[in-house]
Amino acid sequence: VSQSRYRFKIRLFMYKLNKSRISNEIVNIKRLSDGAFIPFDPANTDYQEYLKWLAEGNTPLPPDDPINT
């Protein structure tokens, strides 16, 4: 059996969106592999990598719901 018959794409959650607890707005992206926080800055190479990952059809994990106390 040829391995080429079993080609499939595994989509891993590599990023997660982060919300501000104060404004409840998405403020940055967390890269799950190393815990780095990535700003929404077009000049940032990590942000450019994230945009490429999105363009490939991937989706980040949603932000956690804020805890209401």
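Tyr47 has a relative accessibility of 14% and therefore counts as buried, the term being used for residues under 20% relative accessible area, with exposed meaning over 50% and partly exposed in between (1.4 Å probe, protein chains only). Phe40, at a relative accessible area of 40%, is partly exposed. The model is a predicted one, in which local features need pLDDT of at least 70 and side-chain atom pairs count only at pLDDT 80 or more, while totals for chains, interfaces and linings use all residues. Residues are numbered from 1 along each chain as its sequence is written, and side-chain values use heavy atoms, with hydrogens and water left out.

The strands come next. Three of them form an open sheet in the order β1-β2-β3, with antiparallel pairing. Strands (E, at least two residues) and helices (H or I, at least four) are DSSP runs numbered from the N terminus, and two strands pair if DSSP finds at least two bridges between them. The edge strands, each pairing on one side only, are β1 (15–19) and β3 (37–38). Five bridges join β1 to β2 (residues 26–31) in the antiparallel sense. Ile26 in β2 is the bridge partner of Lys19.

Helix α1, residues 45–55, packs on this sheet and touches β1, β2 and β3, where contact means heavy atoms within 4.5 Å. The direction of α1 makes about 115° with that of β1; axes are lines fitted to C-alpha atoms, for helices over the stretch in contact, and angles run from 0 to 180 degrees between N-to-C directions.

The structure holds five aromatic pairs. Rings of Phe, Tyr and Trp (its six-membered ring) pair if their centres lie within 6.5 Å, and planes under 30 degrees apart count as stacked, over 60 as edge-to-face and the rest as tilted. The ring centres of Tyr15 and Tyr50 are 5.0 Å apart and the planes stand at 75°, so this pair is edge-to-face. Because Tyr15 lies in strand β1 and Tyr50 in helix α1, the pair ties together parts that are 35 residues apart in sequence. Tyr15 and Tyr50 are both buried. Phe40 and Tyr47 also form an edge-to-face pair, at 5.8 Å centre to centre and 85° between the planes. One aromatic cluster is formed by Tyr15, Phe40, Tyr47, Tyr50 and Trp53.

The largest nonpolar core has seven residues: Tyr15, Leu17, Ile29, Ile38, Tyr47, Tyr50 and Trp53. Such a core is a set of buried Ala, Val, Leu, Ile, Met, Phe, Trp, Tyr and Cys residues joined through side-chain atoms within 4.5 Å. Helix α1 gives this core its largest share, three residues.
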